[in-house]
Each structure stands twice: as structure tokens, then as C-alpha cells.
Amino acid sequence: MELLILGSGTSHGIPVIGCSCPVCVSNDPRDSRTRASALIRGNCGESILVDAGPEFRIQAIRAGIRSLDAVLATHAHADHIHGLDDIRIFSARKDMDVWGNTECIEDIRERFAYIFRPTQEGGGKPHLKLRTAGTGGEPIVIGSLSITPIPLFHGTLPILGWRAGDTAYLTDCNQIPESSFALLDGTRKLVIDALRARTHSTHYNFEGALAVIERIGAEVAWFTHICHDFSHEGIREWLRLRAPGKKIEPAYDGLCIRIE
Ligand SMILES: [Zn+2]
Ligand SMILES: [Zn+2]
Ligand SMILES: [Zn+2]
């Protein structure tokens with residue numbers, strides 16, 4: 001099993017449109033960050049997408065995605081679901097299950113109203129089956145995979161992180177309820193929202209992410225949903241000073257994490 005980081009950038013992506021800061025003009029490919037998304041690949045060929053952001057098509061081509069069994073949505077912000085239309089290539093024969101919490105599923109139904117309205121033949125629309133995930137840790141079983149939704153808060157918005165085996169993917173959050181720490185027990189590898197060094201009202205900053213890594217006891221962790229305040233190497237330097245000896249790195253587009 002593996003978790004492939006398709007995108008590691010914040011809502012603007014990096015480079016930010018019109019920005020000529022050192023990070024946005026950097027030649028380091030790891031400083032080029034598409035919107036946050038990930039792919040879980042199972043041992044029996046399962047392929048599960050976590051969020052379908054605006055760059056899903058580009059990410060899917062880059063990662064060579066040939067099939068998709070389900071989409072797990074963290075929440076319905078534009079940078080996480082506005083690529084859902086491009087799922088249609090994978091839903092021609094069978095409706096695609098799209099899992100999210102109640103708020104997210106309601107938002108998708110409203111945002112993508114055209115999908116659920118009868119329209120003329122030939123207008124290529126994705127065929128989605130919207131499914132509400134439980135918030136008490138009930139796992140979703142897809143093929144040989146069992147994936148647990150982890151309730152989180154993104155400011156005041158309830159959202160979901162996702163855990164498969166020893167690996168958890170927690171983007172767009174700045175608060176984890178106590179009951180969710182219980183669901184994260186035993187997590188060895190963690191991908192965690194860490195927008196920037198400065199504080200933010202709906203995202204963990206670097207210090208906040210470090211505190212979560214510490215609390216969960218993850219052995220290895222990666223920052224994601226990164227903005228253009230820091231370059232990849234800049235974050236590594238920050239981590240070398242602030243968390244020496246710890247296995248914490250900034251994620252990057254294309255990073256592949258082995259799930260046990
Ligand atoms: Zn986001
Ligand atoms: Zn910039
Ligand atoms: Zn968000």
C-alpha cells in the first residue's frame with residue numbers, strides 16, 4: 001500500500017498567479033506545488049483519490065492514474081473538490097462513490113447541481129454516488145483496504161482526515177477533537193497541514209503541526225498544504241533548527257509514502 005502525494009500546495013497553488021517572490025520563481029521542482037490531494041494505492045490494485053482539486057486532471061496524468069475506485073473528500077473548499085468533473089473519465093461504466101461528511105456532501109450536491117439534474121444525452125457528466133461517512137471512526141472498506149474517517153476542525157468547519165493502516169492524512173485543520181486522537185492511536189506516519197510559520201485562523205502553522213506530530217507520536221511526518229512563505233529547503237532548514245533529529249520533512253508533489 002502506498003500514499004502518493006499528488007499535490008502539496010495551499011489553495012492558491014505555487015507559483016501563485018502573478019507572484020514573483022523567490023519561492024514562486026524558484027527552480028527547485030519541489031517548490032512547484034499543485035493543490036493538496038493524495039492517492040491511496042492498495043495491494044490489490046485499488047486506487048482511491050483523496051480530494052479532487054482544480055489540478056486533478058494534470059495530477060492524474062502525471063501519476064498515471066488508470067482507474068479509480070472511490071473519492072474520499074476532506075471538505076468542500078474549492079481547492080479540494082473543483083476537479084470533480086474530471087472524474088467522469090472513471091465513472092462511465094459505474095457510478096463513482098464520493099465519500100465525505102454531511103456538510104461536505106451537501107455542499108457537493110449544491111455546487112455540482114448540474115450533475116444531479118437530468119440533462120440531454122451526450123453531455124459528458126460524471127456519475128457520482130454521494131455517500132456520507134460516519135464520524136465515529138466507522139471504516140470505509142474498498143477492496144482490501146479499510147480507511148477510517150477522522151473528524152477534524154478547519155476553523156469552525158467540521159472536516160475529515162483519512163487514515164489507512166499506520167498512515168494518516170490530515171490536511172486543512174487547526175484542531176483535532178480528543179475522540180479523533182483516539183482514532184489516530186498507533187499512527188506511525190503522518191501527513192499534516194502546516195500552511196506556514198505565521199499563525200492562521202483555519203490552518204495549523206509549523207509550530208502547531210509539530211505539536212500534533214508530538215501528541216500523536218508519529219515516527220515520520222510530512223508538512224503539506226504549504227504556502228509560498230517558505231521554499232522547500234527553507235522549511236527543511238526551519239525544521240533542522242526547531243526539530244533537530246526528528247524525521248519531519250515538507251511534502252512535495254510526487255512524494256510516495258509506504259503504508260504498512
Ligand atoms: Zn485547502
Ligand atoms: Zn510567491
Ligand atoms: Zn480548506
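Where is the place of Pro29? Pro29 sits in the loop between strand 1 (2–7) and strand 2 (37–41). Helices (H or I, at least four residues) and strands (E, at least two) are DSSP runs, numbered from the N terminus.

This is a predicted model, in which local features need pLDDT of at least 70 and side-chain atom pairs count only at pLDDT 80 or more, while totals for chains, interfaces and linings use all residues. Residues are numbered from 1 along each chain as its sequence is written, and chains are lettered from A and ligands numbered from 1 in the order in which they are written.

**Overall form**

The protein has six helices and 14 strands. Its radius of gyration is 18 Å, close to the 18 Å that the globule rule gives for 260 residues, so the protein is as compact as a globular protein of that length. That radius is taken over C-alpha atoms, and the rule is 2.2 Å times the number of residues to the power 0.38. The C-alpha trace spans about 60 × 45 × 35 Å along its principal axes.

Of the 260 residues, 46% count as buried. A residue is buried if 20 or more other C-beta atoms lie within 10 Å of its own, exposed if 12 or fewer, and partly exposed in between, with C-beta atoms placed from the backbone. Pro29 counts as exposed because it has 10 C-beta neighbours inside 10 Å. Pro29 and Asp193 are 164 residues apart in sequence, and their C-alpha atoms are 20 Å apart in space.

Seven strands form an open sheet in the order 6-5-4-3-2-1-14, with mixed pairing. Strand 6 (128–132) and strand 14 (256–258) stand at the edges with a single partner strand each, so one side of each has no neighbour in the sheet. Two strands pair if DSSP finds at least two bridges between them. The twist averages 25° from one strand to the next. Strand 3 and strand 4 pair in the parallel sense. Between them, Leu49 has Val71 in strand 4 as its bridge partner.

Strand 10 and strand 11 run parallel. Tyr169 stands opposite Val191 in strand 11.

| Strand pair | Residues | Bridges |
|---|---|---|
| Strand 3 and strand 4 | 47–50 and 70–72 | three |
| Strand 10 and strand 11 | 167–170 and 189–193 | four |

**Helices on the sheets**

Axes are lines fitted to C-alpha atoms, for helices over the stretch in contact, and angles run from 0 to 180 degrees between N-to-C directions. Helix 1 (residues 56–63) lies across strand 1 and strand 2, at about 135° to strand 1. Helix 3 (residues 102–111) touches strand 5 (96–100) and strand 6, and makes about 155° with strand 6.

**Core**

What is the size of the largest nonpolar core? It has 71 residues, and those with the most contacts inside it are Ile192 and Ile213. Such a core is a set of buried Ala, Val, Leu, Ile, Met, Phe, Trp, Tyr and Cys residues joined through C-beta atoms within 7 Å. Helix 5 (residues 206–216) gives the most to this core, with six residues.

How values were computed. Contact = placed C-beta atoms within 7 Å.
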